[in-house]
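Let's take a friendly walk through this structure, beginning with a single residue and then stepping back to the whole chain.

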Amino acid sequence: MKITAIRGIMLRCTCSPISDALSTSTARQALLVKIETDAGLYGIGEAFTYGAPLKIMKYLVEEQLGPMLIGQDPAEIEKHWNTMYWRTIAHGRRSMTMGAISGIDIALWDLLGKAAHMPVCKLLGQHLDRVPSYASGGFYAPGKDLHKLEDELEHYKAQGYRDMKIKIGRTLERSNAPLAYMANQDCAVSVEEDYKRIEAAKQIVGSGKLLVDTNASWDAQTALSFAPELVRLGVAWLEEPIPFEDIEGMKKLNAAVPQLHVIGCETQQGVKNFQHMAQEDAISIVQPDVGWAGGITECRKIGAMAQAMSKPISLHCFGSAVLFSASLHLAAALPNTEMMESEENPNPLKTDIMKGSFETDRHMSFFVPAGDGLGVDLDWSKMEKYVIK
C-alpha cells in the first residue's frame with residue numbers, strides 16, 4: 001500500500017461569542033487531514049490550529065509536508081514523523097509546523113488501524129476501555145452573570161460530570177494585564193468577581209475536582225499572589241497559569257503551593273520540551289494536545305516520559321470529533337492517564353460531522369470508539385456545509 005495524496009480540509013462554523021482570559025471566539029474551526037492510498041483506504045486526522053489561519057495550515061500539509069510522504073508505505077509512521085521533523089528543523093520544531101505534523105501523524109495512525117482492522121488504542125496497547133473526563137466550560141460571554149454560570153455547571157453535574165473546569169483571569173485591573181492588548185476586551189471582570197465565580201463553581205462541584213484555567217495570562221508574581229486564595233476556595237488544578245517559557249516562575253509556583261496541582265501546557269510541543277518542564281518540576285500534571293504537540297507518535301512518548309517521572313497525564317482537547325476520538329484512543333493506552341478534557345461548549349464540528357455520537361457511562365467516562373482506526377464515521381454530506389472551499 002502506498003500513499004497517493006495528502007490534503008487538508010478546512011472547516012469553520014460561527015458560534016456565539018465565548019471568551020477566556022485573553023481571546024474571544026466567534027467561530028470554531030478545524031483543519032482535517034485526509035491521507036489517501038492506492039488500496040482505496042484513507043486515514044483522517046486533525047491538525048489543531050489555536051486560531052491560526054487555516055490556509056497556512058493547509059498549505060503546510062499539502063505543499064510542504066505531504067509531498068515528503070507521497071509514494072511511501074503509510075505504515076512506517078515513526079520514519080515519516082522523523083522525516084517531516086528533520087526536513088523542517090531549521091524553521092519548524094514548534095508552532096504551526098508541528099501542528100501540521102500532528103494532523104498528518106494522526107491520519108497515519110487512523111489509516112494503519114483501518115488496514116489492520118483494529119482500533120488505534122489496540123495498536124498502542126490498550127489500558128482502559130473508557131476514559132475519565134471533566135466538563136470543560138465556564139467561559140465568559142455577553143450577558144453571562146453568576147447565575148447563568150451556575151446554571152451551566154448544574155447542567156454538567158446533571159449529565160454525570162463530577163469534575164469541572166472554568167476560565168478565570170479575564171481582568172484589566174493589573175497594570176501588566178495582557179487583555180489590554182487584545183482586540184476584544186468585552187466581558188472583563190474584577191478579581192473579586194472571579195473569586196465569586198470560583199466560589200460558586202466549587203459549591204456545585206462539591207467533592208469533585210474544580211479546575212481553573214488562566215490561559216497563560218498571569219505572570220509568576222500574580223500567580224504566586226493569587227494561589228493561596230485559590231486553594232482556600234477549593235481549586236484542585238491550576239491550568240497553564242503563566243507562559244511556559246517562564247520555567248523558573250512555574251517552578252516557584254509549583255513548589256510554593258503543593259496543594260494546587262499546576263497542569264501544563266496545552267501550547268507546549270515535543271517530548272523534549274515537556275521533559276524539560278517535568279525535570280525542572282515546573283508542572284505537576286502533564287497536558288499535551290495530540291493535534292498540536294506532535295500527534296499520537298510524539299504524545300505517546302510524552303506520556304511514557306511522564307510515567308517514568310511519576311507524573312499523571314491529562315490530554316487537552318478542544319477540537320472536532322476527529323481530535324476528540326484521537327485523544328480518547330491515546331488516553332486509553334496510557335496507564336498514567338488521570339482524566340481528559342471534554343469540551344461542553346456548543347461545537348457542531350464535534351457533534352454534527354459524524355454518524356452517531358460518543359458514548360459514556362453515568363459518570364461521563366467516555367468509551368473508546370470500537371471501530372477500525374479512530375472509529376470515527378464521518379458524515380461527509382453533513383460536513384459539507386462547514387467546508388471552506
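**A lysine on the inside**

In this predicted model, Lys167 has a relative accessibility of 5%, so it counts as buried, the cut-off being under 20%. You can find Lys167 in strand 6, which covers residues 164–167.

What does the side chain of Lys167 make polar contacts with? One partner is the side chain of Asp213, at 2.7 Å. Another is the side chain of Asn215, where the polar contact spans 3.1 Å. Leaving aside residues up to four places away in sequence, Lys167 also touches Asp20, Arg197 and the run of Gly137, Gly138, Phe139 and Tyr140, along with Asp213 and Asn215 themselves.

Now let's zoom out. The protein contains 13 helices and 12 strands. Its radius of gyration is 20 Å, close to the 21 Å that the globule rule gives for 389 residues, so the protein is as compact as a globular protein of that length. Along the principal axes, the C-alpha atoms fill a box of roughly 60 × 40 × 40 Å.

Lys167 is one of the residues counted as buried, a group that makes up 58% of the 389 residues. As for how the chain meets itself, take the contacts between residues at least 6 apart in sequence: 74% of these join residues at least 24 apart.

Definitions and conventions. Residues numbered from 1 in each chain as written. Predicted model: local features only at pLDDT ≥ 70, side-chain atom pairs only at ≥ 80, totals over all residues. Heavy atoms only, no water. Helix = DSSP H or I, 4+ residues; strand = E, 2+ residues; numbered from the N terminus. Rg over C-alpha atoms; globule rule 2.2 N^0.38 Å. Buried < 20%, exposed > 50% of the residue type's maximum accessible area, 1.4 Å probe, protein only. Contact = heavy atoms within 4.5 Å. Polar contact = N/O pair within 3.5 Å; in protein donor to acceptor, adjacent residues only side chain to side chain.
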